[in-house]
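Please keep the sequence and the structure in view while reading.

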Amino acid sequence: MRDGAVQVGILGLGVVGGGLYQILRDNAEQIRRVAGASVEVAAACDLDTERLRELSVPEALQTTEASQVISNPDIDIIVEAIGGISPALNFVTAAIEAGKSVVTPNKEMIAKDGGEILALAEQHGVDVQFEGSVGGVIPILRSLKESLASARIDQIIGIVNGTTNYILTEMSEAGAEFAEVLADAQREGYAEADPTADIEGIDATNKLAILAALGFGQRVPVEEIYCEGISGVTAADIDYANRMGYVIKLLAIGKRAGDELELRVHPALLPADHPLATVRGVYNAIFVSGPECGEIMLYGQGAGALPTGTAVAGDVIDCARNIVHASRGRAPCTCEGEAVLRPMAEVETSAYVRMQVADRPGVLGQIATVLGREQVSIESVIQESAHDDVAEIVWVMHRGPEKHLQAAMSAIEDLAVVREISSMIRVVE
Ligand code: HSE
């Protein structure tokens with residue numbers, strides 16, 4: 001602290017770091033009152049100095065040297081808002097070793113290295129907070145770690161990626177195809193120039209790893225989480241789903257399964273009356289349930305400068321309070337060990353399958369025979385259209401082991417009468 005004020009160094013003044021800077025500046029009086037001391041930005045560091053100028057950061061606070069910010073003895077809290085693993089992890093490690101508390105919205109780093117970072121923080125008696133890493137402004141991590149600390153959480157289901165939720169909402173409401181909506185979203189600035197991490201489910205997988213660690217109290221090997229994105233979802237699938245009473249969402253699903261955890265990210269048909277089905281556009285929501293707490297859903301903006309900046313500012317205030325009250329390090333890692341993930345083949349799922357087949361007698365029977373042989377039970381089947389000797393058939397399968405479904409799909413694909421399996425999307429009840 002300097003002159004009775006907690007000093008903050010911000011590394012990375014992009015969307016979230018910039019939002020945080022504005023909030024700390026514009027809401028300084030409220031923050032002083034709730035934190036118990038003024039919270040001042042002592043340094044704002046970005047290699048792109050144009051960003052610093054655009055935010056009207058006073059020249060005396062501007063720097064491009066992260067190491068100078070980290071080694072500044074006046075600074076109490078380092079906010080790492082650079083993103084990615086390198087150099088962010090090195091900066092965070094150095095900050096903790098220098099005795100500073102750390103706040104970060106960096107989901108990739110926390111998902112992969114959170115356990116080691118929290119262990120190091122405990123060793124050095126400092127705080128590490130990362131509320132902004134999941135769900136933007138939604139206060140889900142603090143809810144899991146503090147408000148629900150006594151509850152056994154059995155299930156977490158989230159819409160945690162705004163880009164994909166925006167694309168699926170637009171596809172559903174405008175009847176447009178994926179590529180068309182993605183191109184529009186990129187033009188409007190809702191999707192990144194390189195949208196791979198979002199549309200392929202990687203971003204949601206990192207967020208699920210963090211949610212599961214806090215909700216289930218176990219460290220999660222993020223690379224083992226089953227991950228499937230939305231690039232294979234078509235307007236036809238969304239139309240069939242809507243007509244059957246479902247919406248299609250990219251879901252991050254976490255469940256206890258005995259001593260194991262079932263963690264997966266994939267598009268899914270969700271009943272239209274499920275609370276998550278109403279989450280449209282770039283919004284995020286996380287649904288949590290357990291025997292004591294019942295069902296809870298938190299909803300809000302999952303990205304953006306001021307929403308995510310608010311979550312990060314909340315963490316800064318929490319760290320500042322602990323500095324003011326000399327109680328740093330009071331919220332260490334709450335995990336009890338490493339999670340064992342149930343392999344996807346062993347998970348029980350139901351599925352929607354759309355396929356193109358030859359339009360002639362006995363075809364449905366041949367496919368049904370394979371399904372029966374592989375122990376996959378049919379819930380419903382519809383054939384809507386047939387043209388040029390090709391019929392489109394849509395099946396919904398009853399819940400059963402994923403390995404049976406996969407075996408059936410590969411045997412069906414090999415049937416001479418099957419032209420293609422166009423889509424296979426799981427159904428969540
Ligand atoms: N890229 C993320 C999304 C936002 O589309 O939701 C930041 O986590």
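In this predicted model, the residues around the ligand are Lys107, Asn161, Gly162, Thr163, Asp198, Asp203, Lys207 and Ala303. Two helices, helix 8 (162-174) and helix 11 (202-216), each supply at least two residues of this shell. The space that the ligand takes is the largest pocket.

| Side chain | Ligand atom | Distance |
|---|---|---|
| Lys107 | oxygen | 2.8 Å |
| Asn161 | oxygen | 3.3 Å |
| Asp198 | nitrogen | 2.9 Å |

On its own, the ligand has 260 Å² of accessible area, and the protein covers 80% of this area.

Asp315 belongs to helix 13, which comprises residues 305-324. Is Asp315 buried or exposed? Its relative accessible area is 1%, and because buried means under 20%, Asp315 counts as buried. Apart from residues up to four places away in sequence, Asp315 touches Val103, Gln129, Phe130, Glu131, Gly132 and Arg142.

Ile117 is part of helix 6, residues 107-124. With a relative accessible area of 4%, Ile117 is likewise buried. Its contacts, again without residues up to four places away in sequence, are Leu89, Val92, Ile96, Met109, Ile110 and Val128. Between Ile117 and Val102 there are 15 residues of separation in sequence, while their C-alpha atoms are 9.8 Å apart in space.

A further residue, Ser38, is found in the loop between helix 2 (28-35) and strand 2 (39-45). Its relative accessibility is 25%; this value lies between the limits of 20% and 50%, and therefore Ser38 counts as partly exposed. When neighbours within four places in sequence are set aside, Ser38 is in contact with Gly4, Ala5, Val6 and Arg32. Ser38 and His325 are separated by 287 residues in sequence, and the distance from C-alpha to C-alpha is 14 Å.

Some features of the backbone also deserve attention. Most residues other than glycine have a negative phi, and most peptide bonds are trans. Which residues have a positive phi although they are not glycine? Asp3 is one of them, with phi near 50 degrees. Asp3 lies in the segment before strand 1 (6-11), and at 79% relative accessibility it counts as exposed, because exposed means over 50%. Ser56 is another, with a phi of about 55 degrees. The place of Ser56 is in the loop between helix 3 (49-54) and strand 3 (62-63). Ser56 has a relative accessibility of 53% and so counts as exposed.

The remaining feature concerns a peptide bond. The bond from Ser86 to Pro87 is cis, and its omega is near 10 degrees. Pro87 is located in the loop between strand 4 (77-80) and helix 5 (88-97).

Methods
Residues are numbered from 1 along each chain as its sequence is written. This is a predicted model: local features need pLDDT of at least 70, side-chain atom pairs count only at pLDDT 80 or more; totals for chains, interfaces and linings use all residues. Side-chain values use heavy atoms; hydrogens and water are left out. Helices (H or I, at least four residues) and strands (E, at least two) are DSSP runs, numbered from the N terminus. Buried means under 20% relative accessible area, exposed over 50%, partly exposed in between (1.4 Å probe, protein chains only). Contact means heavy atoms within 4.5 Å. A residue is near a molecule or strand if one of its heavy atoms lies within 4 Å of it. A polar contact is a pair of N or O atoms within 3.5 Å; within protein, one must be able to donate a hydrogen and the other to accept it, and residues adjacent in sequence count only if both atoms are side-chain atoms. Accessible areas come from the Shrake-Rupley method with a 1.4 Å probe; for residues, only the protein chains shown count as cover. On a 1 Å grid over the protein atoms alone, a cavity is a set of points where a 1.4 Å probe fits but cannot get out, and a pocket is an open set with protein on both sides within 12 Å along at least five of seven lines; lining residues have an atom within 4 Å of a point. A molecule sits in a cavity or pocket if more than half of its atoms lie within 2 Å of its grid points.
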